[in-house]
Amino acid sequence: MTTIYGDEEYKCGRCNENFEYGEIRSDWCCPKYHHPVGIKAIIKDNNYYTIRIKPHQLKEGDLLRLHGDMVFEVINCKLDYFDQNIYRIALKEYTVVEKNKDEYVEIINGGWY
Ligand SMILES: [Zn+2]
């Protein structure tokens with residue numbers, strides 16, 4: 001389950017095309033190039049370029065958006081020792097959050113211009 005925000009816009013950073021929600025909602029990727037499509041996110045009145053990826057694609061230093069307007073730096077992301085469907089994401093100066101392996105997470109990839 002991914003939280004969808006009402007004011008989103010979708011634009012591919014590679015082919016520069018705009019997309020409708022229905023075109024990209026299945027995997028949050030550009031239908032042409034199959035890489036994550038840019039999603040305009042408004043966080044605390046600033047416009048950000050975000051993407052939605054699966055937890056296993058997270059890297060150290062990624063900026064993870066949580067609860068709408070909170071952003072945390074990823075320290076690491078590991079498969080749960082006991083439950084292979086769950087990833088445990090350690091966040092700097094916060095805590096560890098759990099996400100299902102198929103659940104998309106949103107990370108910030110710069111500003112939206
Ligand atoms: Zn594209």
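Leaving aside its neighbours within four places in sequence, with which residues is I89 in contact?

1. Basis of the note. This is a predicted model, in which local features need pLDDT of at least 70 and side-chain atom pairs count only at pLDDT 80 or more, while totals for chains, interfaces and linings use all residues. Residues are numbered from 1 along each chain as its sequence is written.

2. Confidence. The pLDDT is the predictor's confidence in each residue, on a scale from 0 to 100; its mean over the protein is 93, and 98% of the residues reach 70 or more. Among the elements, the lowest mean pLDDT belongs to α1, at 92, and the highest to β7, at 98.

3. Elements and overall form. The protein has one helix and nine strands, where helices (H or I, at least four residues) and strands (E, at least two) are DSSP runs numbered from the N terminus. Read from the N terminus on, their order is β-β-α-β-β-β-β-β-β-β. The radius of gyration is 14 Å, close to the 13 Å that the globule rule gives for 113 residues, so the protein is as compact as a globular protein of that length; this radius is taken over C-alpha atoms, and the rule is 2.2 Å times the number of residues to the power 0.38.

4. The sheet. Nine strands form an open sheet with antiparallel pairing, in the order β2-β1-β3-β4-β9-β5-β6-β7-β8. Its edge strands are β2 (18-19) and β8, each of which pairs on one side only; two strands are said to pair if DSSP finds at least two bridges between them.

5. Strand β5 and its partners. Strand β5 (residues 63-66) is joined to β6 by four bridges and to β9 by three bridges, running antiparallel to β9.

6. The nonpolar core and I89. A nonpolar core is a set of buried Ala, Val, Leu, Ile, Met, Phe, Trp, Tyr and Cys residues joined through C-beta atoms within 7 Å. The largest one here has 15 residues, of which V37, L64 and I89 touch the most other members. The elements that give two or more residues to this core are β3 (38-43), β4 (46-53), β6 (70-79), β7 (86-91) and β9 (105-111). To return to the opening question, I89 is in contact with P55, L58, L64, V74, C77, V96, V97 and K99, leaving aside neighbours within four places in sequence; contact here requires C-beta atoms, placed from the backbone, to lie within 7 Å.

7. Two residues to check by eye. W28, in the loop between α1 (21-24) and β3, has a phi near 60°, a positive value in a residue other than glycine. E93, in the loop between β7 and β8 (96-100), likewise has a positive phi, of about 55°, although it is not a glycine. A residue is buried if 20 or more other C-beta atoms, placed from the backbone, lie within 10 Å of its own, exposed if 12 or fewer, and partly exposed in between. W28 counts as buried because it has 20 C-beta neighbours inside 10 Å, whereas E93 counts as exposed because it has 7.

Terms used:
Contact = placed C-beta atoms within 7 Å.
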